[in-house]
Amino acid sequence: MSKILEKVASIQLLSHKDHFSLREKFQSAYRERHSTETALLRIHHDLLLALDNKQCVFMAMLDLSAAFDTVSHEKLLSRLSTSLGITDLALEWLKSYLTGRRQFVSIKGYKSKEHLKTCDVPQGSILGPNLYEDYSANPIGSIFRKHNISYHIYADDTQAYICFNENNKERALNQLEKCLDEVRMWMAANWLKLNDDKTEFIVFGSKKSLDNCNISSIKIGESGVKRVSSVKSIGAHLDSNLTMDKHVAATCKSAWFHLHQINKIKNYLSCDQLKSVILAYVISRIDQNNSLLIGLPKATVFKLQMIQNACAKIIFRAKKFDHVTPLLKELHWLPVEQRITFKILLLVYKCLHGKAPAYLRELLEEYVPSRSLRSASKGLLRIPERHYTSTKRRDFAYRGPVEWNKLPKVIKDSDSINIFKCRLKTYLFRIVFIN
């Protein structure tokens, strides 16, 4: 019953925040239609756009220690009242939900004294994540906007980044440091603590521009954080040149490990069982965050394709040098390159139908010809011009429209996501295996 009541309260709270646009735009955790992949795709797009403009990017990755356990009930209730306009009976209900909780420690039958809790949001609860978002996301976001720093928040992970040219790198670094100092001060005043051990600093740019960048660390608080060549950001490995080689290597390592384990027990499983296990443990890893791989060299993508080929051969007990195309066709699996295209086009469809985050929707723009043309009725998207092509135009704002404009109109006009996915897969499947 308590879970049902929490769910009802959560729905009403989210409805109130959505109606009055009170949610932080660049906060992707615990939100419908948001995910780590949508957050990464927007960050990836911003970084690629900077590199295409011959700029570099400073990025600081912040992580909080025990964030959910240190939320002050008093400060949270005050913020709900003043910032979100929750008052009267609704505020009293939330107060009764948060306060009055007690905890104790029990070891081998010995029980400590009970302690009244004055902070935390209950972990594992339905309301807890939403209340944590109300407590921290909007105030932190306002600090970044005040200092003109780009950012993205996912639960207690925060990415803050700023673009710069060769002649203003010192000013950009100083601007980022001042912003992070204010964020740190706000967190200290609100009982939140940065985890210095997990805080990372990286500079993105072309190989030539990075060679000319002599910034080796960033000052956060009283300590300095040394510059690294690659980071892991909410599930994706990003290297300083955005080649995605580290990400592909990490994906391959994990996928090959699980595939070798599955290969040891394949004789005990039926074909259908083996297929289900491989889909769950291997193919899912190939598909995870694969929208970031659009436009990469074929040699890089082929490393993932080799894993998919090995999966197909294990399922059908094929020999090492057997031709794999008939096996993929029998399984009705799209090759890796087409799976990446499928993911990008699915995200474009969701953006155009209001089923994707606002920060992705704003990257796409409908094509409107300067005069009356037949192309106006084809559902085309405007392809942005790029002056430089140092990243081979891999950002979502460019690749999304390029791939979308290739589709037949009957696929673009699909009435639902399920129909669109079915038609799109059939279309890509025919291109690979039939045409």
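**Close-up 1. Helix 1 and the lining of the largest pocket.** In this predicted model, helix 1 contributes three residues to the lining of the largest pocket, the largest share. Helix 1 spans 2–19, and helix 13, at 358–361, joins it among the elements that each supply at least two lining residues.

**Close-up 2. The centre of the largest pocket.** Let us step inside. The largest pocket has a volume of about 450 Å³. Its lining is made up of 17 residues, and those closest to the centre are Asp18, Arg23, Arg31, Glu32 and His34. Sorted by class, the lining of the largest pocket has eight charged residues, six nonpolar and three polar.

**Close-up 3. The second largest pocket.** Here is another open space to explore, with a volume of about 350 Å³ for the second largest pocket. Which residues are the closest to its centre? They are Glu337, Gln338, Thr341, Glu403 and Lys406, out of the 18 residues that line the second largest pocket. In this lining, 10 residues are nonpolar, five are charged and three are polar.

**Close-up 4. Helices around the second largest pocket.** Helix 12 (336–352) is one of the helices that each bring at least two residues to the lining of the second largest pocket, along with helix 10 (298–315), helix 14 (396–405) and helix 16 (417–433). Which helix gives the largest share? That is helix 12, with five residues of the lining of the second largest pocket.

**Close-up 5. The cavity.** The largest cavity has a volume of about 30 Å³. Around it sit Leu64, Tyr132, Ser136, Ile140, Ile153, Ala155, Asp156, Thr158 and Met187. Helix 5 (residues 127–146) gives the most to this lining, with three residues. By class, the lining of the largest cavity has six nonpolar residues, two polar and one charged.

Close-up 6. Strand 6 (residues 150–154) runs antiparallel to strand 7 (residues 157–164), and the two pair over five bridges.

Terms used. Residues are numbered from 1 along each chain as its sequence is written. This is a predicted model: local features need pLDDT of at least 70, side-chain atom pairs count only at pLDDT 80 or more; totals for chains, interfaces and linings use all residues. Side-chain values use heavy atoms; hydrogens and water are left out. On a 1 Å grid over the protein atoms alone, a cavity is a set of points where a 1.4 Å probe fits but cannot get out, and a pocket is an open set with protein on both sides within 12 Å along at least five of seven lines; lining residues have an atom within 4 Å of a point. Grid points are joined across faces, edges and corners, and a volume is the space filled by probe spheres set on the points. Helices (H or I, at least four residues) and strands (E, at least two) are DSSP runs, numbered from the N terminus. Ala, Val, Leu, Ile, Met, Phe, Trp, Tyr, Cys and Pro count as nonpolar, Asp, Glu, Lys and Arg as charged, and the others, Gly among them, as polar. Two strands pair if DSSP finds at least two bridges between them.
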